[in-house]
Amino acid sequence: MKISVIGVGYLGAVHAASMAELGHEVIGLDVDTERIQRLAAGQPPFHEPGFEEILRRGIETGNLRFTTDYADLADAEVHFLGLGTPQRADGMGADLSYLHAAVDSLLEVLPARAGQGTLVVGKSTVPAGTARALADRIEAVDGARLMWNPEFLREGFAVQDTIAPDRIVYGVRDEYAARAAGTEEPGRQVDRARAPEVALLDAVYARILETGVPRLVMGFETAELVKVSANAFLATKISFINAIAEICEATGADVTDISRAIGMDDRIGSKFLRAGVGFGGGCLPKDIRAFIASAEDLGVGEALGFLREVDELNERRRVHVVDIAREMLGGLEGRRITVLGAAFKPDSDDVRDSPALDVANQLQVAGADVVVTDPEALDNAARRAPHLRGVADLDDALTGADLVVLLTEWRQYRDLDPAAVASRVAAPRLIDGRNVLPLRAWREAGWEVRALGRP
Ligand code: UDX
């Protein structure tokens with residue numbers, strides 16, 4: 001099928017290459033010329049395992065092309081919207097301007113296929129109500145339909161999550177018509193006349209659906225809310241365990257044992273129960289804030305009051321690390337601190353709302369002499385925080401430190417040999433901000449160690 005992907009940021013670029021991998025003829029569009037040139041040359045603009053391989057394969061087979069010109073999209077049967085919806089500069093809500101601008105441009109080329117059945121599929125994370133408003137504009141073009149198909153991909157697993165997802169969610173204008181067309185019965189061919197948009201997206205995802213991945217059809221607003229509810233739940237789970245970590249610090253208990261023990265109850269589950277410096281990234285923080293803002297706009301702000309606590313608790317973790325550092329060093333002014341990690345999580349070079357970078361910055365502002373190291377994210381860190389000193393070589397970064405603070409749990413930091421590191425630093429002091437190091441081994445090697453929520 002001929003497919004376009006509009007907006008080739010993290011989500012869009014992975015989606016475009018994955019659709020080419022499924023055998024479709026894909027064209028990716030972005031207004032960022034430099035990004036398009038890099039992608040067209042087979043160079044990934046971010047670090048994502050497996051992405052470079054499918055990008056190059058798509059380009060070599062001719063299935064995957066890139067453009068900055070909407071006119072090149074005119075013959076596509078399906079258009080995916082992969083635009084970013086960042087936090088607004090003036091508040092907590094989502095900035096939908098990229099999405100609206102893309103739809104304005106798309107509306108200029110949609111009439112080229114008037115009457116032939118063209119599907120527009122929104123993948124961006126948006127407040128409930130966005131899809132219905134966009135559908136009114138898009139469906140004014142004869143034969144054009146809109147669906148909302150939220151994306152749940154995790155950075156570091158983006159290709160796998162796109163090609164083999166847990167579930168696929170379809171938001172449609174009229175869920176009753178879609179059900180009547182047979183969308184509820186597994187294996188049944190959807191009646192194309194009654195729900196043409198569902199039949200078309202099923203054809204795009206045929207190879208994924210054949211593997212038995214559940215496909216859930218629901219109304220626009222429900223599909224929009226599925227995505228933000230999922231992220232709100234994950235954020236809440238992390239802040240919950242971090243709240244328990246605060247109690248642990250006041251009582252001498254160990255949050256990692258609590259996490260292990262409660263996680264064995266399968267109603268609770270062990271995932272997303274790792275206490276530490278908290279969550280960051282391009283999604284969880286801004287999505288919960290947009291969710292709060294949208295609930296307030298809807299007049300039901302109290303319903304999500306707890307998410308404010310989730311956000312505040314998460315921010316407090318970062319300040320707490322700075323406080324522990326100050327306590328251990330008896331003041332921060334002029335002290336050499338090495339921060340291990342800049343990315344918001346390992347196996348990523350993404351530093352958006354990264355707890356590690358935020359803590360490094362706060363330490364520096366408080367007068368410390370900070371060195372940040374990271375295996376992949378130093379270039380992005382330098383762009384976002386040019387005042388911070390990045391040192392790529394791990395040994396060099398550790399040399400002369402008065403305090404080492406682990407904030408992103410890269411494998412190479414988890415595997416550090418405490419005795420070897422002790423011989424490099426000025427004083428063996430450590431904060432494990434992710435609760436991943438074998439503390440006993442570090443203490444036995446002479447280190448003064450503090451961890452979050454552990455005695
Ligand atoms: C998240 C969602 O998981 C994904 O489904 C959605 O599509 C986008 O947002 P991602 O931003 O890639 O994905 O990161 P994720 O793996 O969810 O981690 C988010 C943050 O939470 C990271 O900073 C991570 O370090 C932190 N985290 C995660 C914890 O602090 N503790 C945990 O137990 C798990």
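Two strands pair if DSSP finds at least two bridges between them, and helices (H or I, at least four residues) and strands (E, at least two) are themselves DSSP runs, numbered from the N terminus. With that in hand, let us walk through the model.

## About the model

This is a predicted model: local features need pLDDT of at least 70, side-chain atom pairs count only at pLDDT 80 or more, and totals for chains, interfaces and linings use all residues. Residues are numbered from 1 along each chain as its sequence is written, and side-chain values use heavy atoms, with hydrogens and water left out.

## The chain as a whole

The chain is built from 19 helices and 14 strands. Its radius of gyration is 24 Å, close to the 23 Å that the globule rule gives for 455 residues, so the chain is as compact as a globular protein of that length. Here the radius is taken over C-alpha atoms, and the rule is 2.2 Å times the number of residues to the power 0.38. Along the principal axes, the C-alpha atoms fill a box of roughly 75 × 45 × 40 Å.

Of the 455 residues, 53% are buried. Buried means under 20% relative accessible area, exposed means over 50%, and partly exposed is in between (1.4 Å probe, protein chains only).

## Strand E4 and its neighbours

Strand E4 (residues 78–81) has parallel partners in strand E1 and strand E5. Four bridges link E4 to strand E1 (residues 2–6) in the parallel sense, with His79 in E4 as the bridge partner of Ser4. Four bridges also link E4 to strand E5 (residues 118–122), again in parallel; there Leu119 in E5 is the bridge partner of Val78.

In a regular strand the side chains alternate between the two faces of the sheet. In E4 both faces are covered: Val78 and Phe80 are buried on one side, and His79 and Leu81 are buried on the other.

## Strands E7 and E8

Strand E7 (residues 168–172) and E8 run parallel and are joined by five bridges. Val172 has Gly219 in E8 as its bridge partner. Strand E8 (residues 215–219) is mostly covered, with four of its five residues buried.

E13 and E14 pair in the parallel sense over four bridges, and Ile431 stands opposite Arg450 in E14.

## Around the ligand

The ligand is surrounded by 20 residues, and the closest are Phe152, Leu153, Glu155, Arg274 and Lys345. A residue is near a molecule if one of its heavy atoms lies within 4 Å of it. By class, this shell has 10 nonpolar, three polar and seven charged residues. (Ala, Val, Leu, Ile, Met, Phe, Trp, Tyr, Cys and Pro count as nonpolar, Asp, Glu, Lys and Arg as charged, and the others, Gly among them, as polar.) Helix H10 (residues 220–251) gives the largest share of the shell, four residues.

Backbone atoms also come into the picture. A backbone N or O atom of Arg274 lies 2.8 Å from an oxygen atom of the ligand, a polar backbone atom of Leu153 is 2.9 Å from a ligand oxygen, and one of Gly280 is 3.1 Å from a ligand oxygen. Taken alone the ligand exposes 670 Å², and the protein buries 94% of that. These areas come from the Shrake-Rupley method with a 1.4 Å probe.

## Loop residues worth a look

Asp353 has a phi near 45°, a positive value in a residue other than glycine. Asp353 lies in the loop between strand E9 (336–340) and helix H14 (355–365), and counts as partly exposed because its relative accessibility is 27%. Asn435 also has a positive phi, near 55°, and is not a glycine. Asn435 sits in the loop between strand E13 (429–432) and helix H19 (439–444), and counts as buried because its relative accessibility is 15%.

Ala368 is found in the loop between H14 and strand E10 (369–373). At 7% relative accessibility, Ala368 counts as buried. From C-alpha to C-alpha, Ala368 and Asp166 are 45 Å apart in space, and they are 202 residues apart in sequence.

Definitions and conventions. A polar contact is a pair of N or O atoms within 3.5 Å; within protein, one must be able to donate a hydrogen and the other to accept it, and residues adjacent in sequence count only if both atoms are side-chain atoms.
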